[in-house]
Amino acid sequence: MAFEPRQTSTKRWGGLSFSVLFSVIERWLEKEREHIALWAPVALGGGIAAWFLLPGPFAWMGWCFLCAALIVAAGLIPAGSRLRMMLAATGFLASIGCLIIWGKAVAFGEPPLARAAFVQMTGRITHIEPLPAQGSTRLVLTPLERPDLPAQVRVNIADADQPEGLAEGVIIAFRARMMPPAPPAVPGAYDFAQRAFFMGIGATGKALPPIKIVETPADGGPSLRQRLSTHIQARVAGGPGAIAATLATGDRGAIPENNAEAMRRSGLAHLLSISGLHVTALIGAVIFLILRLLALSSRLALRWPLLLLSAAGGAAAGIGYTLLTGSDVPTVRSCVAALLVLGGLALGRDSLTLRLVAAGALFILLLWPESVAGPSFQMSFTAVTVIVALGEHPRFRALVSAREERMPIRFLRHLLGLFLTGLAIEIALMPIALFHFHQAGMLGAIANLIAIPLTTFIIMPFEALALFLDLAGLGFPAWWIVEKALALLLIVAQAVAASPGAVALTPATSPMAFGLTVAGGLWCLLWRSRARWIGLLPVLAGAAMIAMTPKPDIMVTGDGRHVAIRLPDGGMAILRDKAGDYVRDALSESAGYDGDLAAFADIPAARCSRDLCNVDIVRGERRWRMLATRSFDLVPASQLARDCAAADVVVSERRLPRTCNPRWLKIDRSMLRRTGGVAIYLRQGVIKTVKRKGDAHPWMTPPSHFSQYSRQKAGNIAP
């Protein structure tokens, strides 16, 4: 009796009672009980993201054990509490997410080709994608009688070499140089190898003439999607016709690069990806037409559930449109969301909520878990979440709700609502665009004020009307309207893209900065109490990290052929001035540079011969000398050794001899095989590489060991 009763005692952490803290959290979760379930796809997606971020099987198993420990720790919290339920569910879903993507990679992923090789092969075409803007056609084939090749390969055929009669199911024979899918050229660049692995493509190449058709199936011929795309481009020429074909079929291969770039810079690129706007417009139009037609009969209007029948017709149209346009993740996500909305309306429930978004996200993550690492999934779900969360806010709902007022005021009110929605989406999508593309449109909210109504109420309805009238050969007037509207859309895109400050640029940012902004943004969007504003702290921290991201001074592609440096005036120069657009774009985007790349030979700081280039790079009070080879010709050993000894950094696509000993760093074929592309930050003395130590993801060959120069400080380098 002299001791304190155990059932009334409390533990204290730094003077704070655990029971008081637990009570505060439980009261807060009780207020947020309607929004707790929204974190289920976040926990599942977090487990999938962990699989991509962690290097190998031991780390993935460690993650699962950590999630199990979280579940066990949740058992120590009093039973029946919401905190206990949330922690246990988080641990379970996070481990399931990691196991799902791990299992899909093992069961369905296609390992890349071991090494580049010239092959003579015969293959059956499983997918064909014309690329008129590039003067070629892209084929996905299943190799026949070649067990040494992956199950699927992708090749490009120049239009001049293309035989007549190419279609899905046709068997062709050709010779090609096949290569593994390309990894990022430099740190932060696009990782096609990762995407190809989950697409089932193990090699890529270019088919060389002659290309022969070996067998054509009895039902061979262009697919419905191809025929429809060709028909539309025959009715509407040029860039407007290419965009019209994209809106109907999802085929973007014919869009000229200047138009595609203008759409990206103006924040209108989402119109070229079949997603919520397009699916919603189609389903809404079908429901409206069916409902109006059925209502013409008084018997049907009085005895049949016309809204339910119209919703069923809209659902069928949405599913058909999704299949026609290739069933990309944004389209599938939009179709699933639309079906859930229609189901909710049929049941008499308000289905336009964040629970709808969460259900669609869970569906996508369970079937296509790899999409969580791609910008398409991230941007589409972020945009929808922002729209729904903003629509649920009482003040915004009061602003845009219908009321008795004059038409001009009502129009301005809806225009303001559209602008605020576009602005909120643009702010939310900015960190995603900067992380994946290293640029983000700053004037997209203004451009979308014209583009979204133009696309929704003029372009898509009249395009559907034109296709219907073409059955009787009467579609010309509707096609004329579509062409003029699309021309206006391109004028808006080009005008906004050319405006000063239209695009914000940043070099490749760290996953930590991106993760902080995403986590903080989700915290602000998914909760409703005042505690949601705590999420602004990680958002601001991530934004500060992105803003302070340094720009690389030297960039070297994974093959060692292309080297770019940053000039004192902020410009950039490239070693080989005949490099293609793909290489130039990869180097410029990863460096956060928007301009033309000069040639080494044209800058005052460089001294170039036919075989070598010496470049002086001044950073602060330090002068760095870089030596780069620019030919395959043999350089005398004594000269090479002398030039290497006088340089701080030596870069070559060949294997350099041991006598080449620069003062700091030697980047040659043997090092690049282990590290991939390289970005060098001279002020910080830091090197970033594409490959990570111990990386065992199945789409890349893990490096055996890393160079001792992987991370050194400039202060430790002898001048």
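This is a predicted model: local features need pLDDT of at least 70, side-chain atom pairs count only at pLDDT 80 or more; totals for chains, interfaces and linings use all residues.
Local features need pLDDT of at least 70 and side-chain atom pairs count only at pLDDT 80 or more, while totals for chains, interfaces and linings use all residues. Residues are numbered from 1 along each chain as its sequence is written, and side-chain values use heavy atoms, with hydrogens and water left out.

**View 1. Lining of the second largest pocket**. This pocket holds about 540 Å³ of space (on a 1 Å grid over the protein atoms alone, a pocket is an open set of points with protein on both sides within 12 Å along at least five of seven lines, and lining residues have an atom within 4 Å of a point). Its lining numbers 26 residues, and Trp39, Ala43, Met86, Leu87 and Thr90 lie nearest the centre. At least two lining residues come from each of helix 1 (18–31), helix 2 (40–53), helix 3 (57–74) and helix 4 (82–108). Helix 4 gives the largest share, nine residues. The lining comprises 22 nonpolar, four polar and no charged residues.

**View 2. Phe288 in helix 9 (residues 276–294)**. Phe288 is partly exposed, with a relative accessible area of 48% (buried is under 20%, exposed over 50%, partly exposed in between, with a 1.4 Å probe and protein chains only).

**View 3. Val651 in strand 17 (residues 649–651)**. Helices (H or I, at least four residues) and strands (E, at least two) are DSSP runs, numbered from the N terminus. Val651 is buried, at a relative accessible area of 1%. Its C-alpha atom is separated by 9.5 Å from that of Arg630, 21 residues apart along the chain.

How values were computed. On a 1 Å grid over the protein atoms alone, a cavity is a set of points where a 1.4 Å probe fits but cannot get out, and a pocket is an open set with protein on both sides within 12 Å along at least five of seven lines; lining residues have an atom within 4 Å of a point. Grid points are joined across faces, edges and corners, and a volume is the space filled by probe spheres set on the points. Ala, Val, Leu, Ile, Met, Phe, Trp, Tyr, Cys and Pro count as nonpolar, Asp, Glu, Lys and Arg as charged, and the others, Gly among them, as polar.
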